[in-house]
Amino acid sequence: MKNVLLGTVAFLAVAAVGGYVLVLKPGASSAPQPTPAAEPAPAAAAPASPAADASAAAGPALIFDLGGKFDKSFNEAAFNGAQKWAAETGATFKELEMQSEAQREQALRRFAEAGANPIAMTGFAFGDVLNTVAPDYPDTKFVIVDAVVDQPNVRSVVFQEEQGSYLVGMMAAMASKTGTVGFVGGMDIPLIRKFECGYAQGAKAAKPEIKVVYNMTGTTPAAWNDPVKGSELTKAQIAQGADVVFAAAGSTGLGILQTAADENILGIGVDSNQNFLHPGKILTSMIKRVDVTIYDAFKEGAAMKTGTVVAGLKDDGIGYAMDENNAKLVTPEMKAAVDAAAEKIKSGEIKVHDYMTDNTCPVN
Amino acid sequence: MDYTTLIEILGSTLRLGTPLLLACIAGLYSERAGIFDIGLEGKMLMAAMASGAVAALSGSAWIGLAAGITASLLFAAIHGLASITFRGNQLISGVALNFVASGATILIAQTAFGQGGRTPPLDGAARFQAITLPFAEALSGVPFLGPFYAKVISGQSLLVYLALAIVPATWWLLYRTRFGLRLRAVGENPESVDTAGVSVIRLRYTAVALTGVLCGIAGAYMATSLQAGFGREMTAGRGYIALAALIFAKWRPWQALWATMLFGFLQALALRPDVIEAMSPGSLTIPVSFLDALPYLLTVIVLAGFVGRAIPPRAGGQPYVKER
């Protein structure tokens with residue numbers, strides 16, 4: 001018995017220590033972290049105040065949520081936006097990947113103290129933390145994606161995911177031969193329910209008799225990074241008859257799309273254009289232009305406007321992906337129907353219910 | 001729950017239970033020889049990373065498997081060195097190796113591929129694909145047994161069949177060969193083995209190496225069969241669950257099969273909330289978090305109520321010191 005107890009203690013120790021490992025990385029362009037003092041400043045720049053110097057040199061920062069920077073989806077879109085900005089301006093940005101929940105506040109404060117401005121973060125989970133941290137750094141601008149934080153120095157960017165999900169839901173229903181389509185979400189939060197609800201509404205609009213099966217991967221942020229479970233959930237949905245599966249689950253989605261491709265059914269990607277992952281096996285991807293959000297914010301820099309931005313079909317913040325990888329899968333009728341629906345959503349003729357307004361979904 | 005659903009869940013059980021089974025049998029060899037190994041998790045993780053990386057580079061699942069076994073053997077050798085030759089504390093050595101594996105896998109994969117500690121996705125010959133056994137199609141029409149054969153027995157990857165074959169092989173090795181007798185003896189009473197003129201050190205190293213090979217297969221299965229590539233922390237505590245299953249099975253091979261498949265079944269069941277809701281009275285909604293906790297809750301209940309006393313090998317955890 002003693003060894004079992006010891007084992008348990010050791011396991012807990014592993015979990016606890018692992019949670020506190022924090023890795024700070026320099027910007028992706030592999031330039032050394034700029035330190036204001038080290039710059040041999042030309043004579044003209046000398047009179048500038050040291051404070052302004054520091055904030056200009058520190059540049060923007062980007063914090064990725066637990067799905068990880070290379071999730072080929074949400075966080076990677078943010079990274080691509082930042083990369084684009086870095087390539088265009090030749091400047092660098094700081095970045096950090098969350099390893100555990102406990103790091104959020106610490107990471108925000110560290111970047112703010114280091115003079116990074118603006119500081120962007122991906123994911124609703126930063127909402128509460130940012131709300132407490134932002135007032136402490138009134139001169140720093142923050143950008144949060146997927147949550148609204150009501151502070152004077154914060155820009156909150158939220159997307160009308162229900163609109164894009166509606167469109168891919170229509171495509172799923174039209175592509176389905178079995179009359180059943182699936183949805184696998186990441187963490188069970190209202191935001192993901194919003195995807196699911198939009199998807200179901202779109203599917204029912206295209207084919208009223210369609211059956212939508214749905215699963216959530218989990219209830220903790222670990223659900224964003226559990227491809228094994230995503231894979232098995234997809235198999236379970238296939239067993240229930242689904243032949244098109246929409247993955248809205250961060251890195252978990254990689255397992256979902258892999259299984260869909262393995263089992264010869266269609267997957268639907270999310271956030272970034274994921275069509276290239278399995279050419280000919282991914283019907284489309286619901287695109288959320290997180291890259292544009294980050295790019296715009298970095299471009300505006302410290303002078304960035306704050307407030308809440310709602311991005312949707314209207315301003316191309318949301319869309320669906322078409323490229324050579326899925327050209328054969330999307331029939332002209334499908335495309336015509338979806339584009340017509342997109343126009344109607346833009347004009348307000350079709351109102352897609354947003355799950356987050358009342359936490360209910362009209363179709364299931 | 002209808003029969004088709006049950007078949008699907010059983011198929012899922014076999015897939016999810018296989019890495020547990022391999023790790024559990026791996027632990028069995030080591031612990032039966034008197035070396036506690038809490039580092040099953042770390043060895044699996046290293047093997048998963050190595051096999052995912054090498055399979056991606058070489059395009060061959062077999063070369064990937066070999067690389068996975070090599071990586072796992074390396075870790076087994078370190079554990080052996082620390083706990084057999086240098087007579088260190090076996091639990092601490094195991095925990096340390098788990099730490100190293102957790103960090104090193106991500107570091108190596110990130111350095112090699114720059115994809116955030118993931119290895120590139122595998123396809124074709126770089127993965128162990130599902131094998132359709134003969135007559136699966138023809139027999140699927142047979143009532144009851146047909147679908148079971150077609151959907152559960154057939155259509156799994158080669159490594160699943162290998163894992164299942166290892167169970168009787170282990171039983172035969174442990175209980176029907178001279179080597180097995182000595183291996184069990186060295187875990188119970190190393191002095192007697194030594195007195196008989198057999199090397200305790202060599203036997204224990206052999207056992208630890210067997211553990212390494214099996215953990216290597218388990219890791220390679222995770223990366224090249226269950227999934228298409230390595231992802232950070234992809235073993236997700238399976239090494240620890242395998243240890244629990246080993247105690248549950250009282251360090252015996254056939255029981256290890258049932259124990260790990262029970263865990264696999266519960267994990268598979270947790271993935272089907274629709275089935276559980278359909279079976280539960282009054283169609284009450286069961287939260288996902290409860291289902292996720294179910295395998296662990298049942299472990300506690302089963303361990304406390306049904307297994308009775310589980311007695312580990314008597315010399316387990318104690319380094320052997322030859323008397324002078």
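In which strand of chain A is Asp271(A) found? Asp271(A) is found in strand S9 of chain A, where helices (H or I, at least four residues) and strands (E, at least two) are DSSP runs numbered from the N terminus. Residues are numbered from 1 along each chain as its sequence is written, and chains are lettered from A and ligands numbered from 1 in the order in which they are written. The model is predicted, so that local features need pLDDT of at least 70 and side-chain atom pairs count only at pLDDT 80 or more, while totals for chains, interfaces and linings use all residues.

**Chain A as a whole**

Chain A contains 12 helices and 12 strands. Of its 364 residues, 53% count as buried, a residue being buried if 20 or more other C-beta atoms lie within 10 Å of its own, exposed if 12 or fewer, and partly exposed in between, with C-beta atoms placed from the backbone. Among contacts in chain A between residues at least 6 apart in sequence, 69% join residues at least 24 apart; two residues are in contact if their C-beta atoms, placed from the backbone, lie within 7 Å.

**The parallel sheet**

An open sheet in chain A has six strands in the order S2-S1-S3-S4-S5-S11, with parallel pairing, where two strands pair if DSSP finds at least two bridges between them. Its edge strands, each pairing on one side only, are S2 and S11 (307-311) of chain A, and the twist from one strand to the next averages 15°. Within this sheet, Phe64(A) stands opposite Glu97(A) in S2(A), and Val143(A) stands opposite Arg155(A) in S5(A). From S2(A), Lys94(A) and Leu96(A) point one way and Glu95(A) and Glu97(A) the other way, all of them buried. In a regular strand the side chains alternate between the two faces of the sheet.

S1(A), helix H3 (residues 74-89) of chain A and S2(A) make a right-handed β-α-β unit; a crossover is right-handed if, with the strands pointing away from the viewer, the path from the first strand over the helix to the second runs clockwise. H3(A) lies across S1, S3 (119-122) and S4 of chain A and runs at about 170° to S1(A), with axes being lines fitted to C-alpha atoms, for helices over the stretch in contact, and angles running from 0 to 180 degrees between N-to-C directions. In the loop between helix H4 (103-113) and S3 of chain A lies Pro118(A), which a cis peptide bond with an omega of about -5° joins to Asn117(A).

In S10(A), Ile282(A) is the bridge partner of Gly267(A).

| Strand | Partner | Bridges |
|---|---|---|
| S1(A), residues 61-64 | S2(A) | four |
| S4(A), residues 142-145 | S5(A), residues 154-159 | four |
| S9(A), residues 266-271 | S10(A), residues 282-288 | five |

**Residues with positive phi**

Most residues other than glycine have a negative phi, and most peptide bonds are trans. The phi of Asp271(A) is near 70°, a positive value in a residue other than glycine, and Asp271(A) is buried, with 28 other C-beta atoms within 10 Å. In chain B, the phi of Glu233(B) is near 50°, also positive in a residue other than glycine. Glu233(B) is found in the loop between helix H10 (200-226) and helix H11 (238-248) of chain B, and with 18 C-beta neighbours inside 10 Å it counts as partly exposed.

Helices H7 (residues 158-176) and H12 (residues 253-270) of chain B pack at an angle of about 155°, with their axes 8 Å apart. H7(B) and H12(B) are therefore roughly antiparallel to each other, since angles under 35 degrees count as roughly parallel, over 145 as roughly antiparallel, 65 to 115 as roughly perpendicular and the rest as oblique. Val167(B), Thr170(B), Trp171(B) and Leu174(B) of H7(B) make the contact with Pro253(B), Trp254(B) and Leu257(B) of H12(B).

Between the chains, 27 residues of chain A are in contact with 32 residues of chain B. On the side of chain A that touches chain B, the largest share, nine residues, comes from H8(A).
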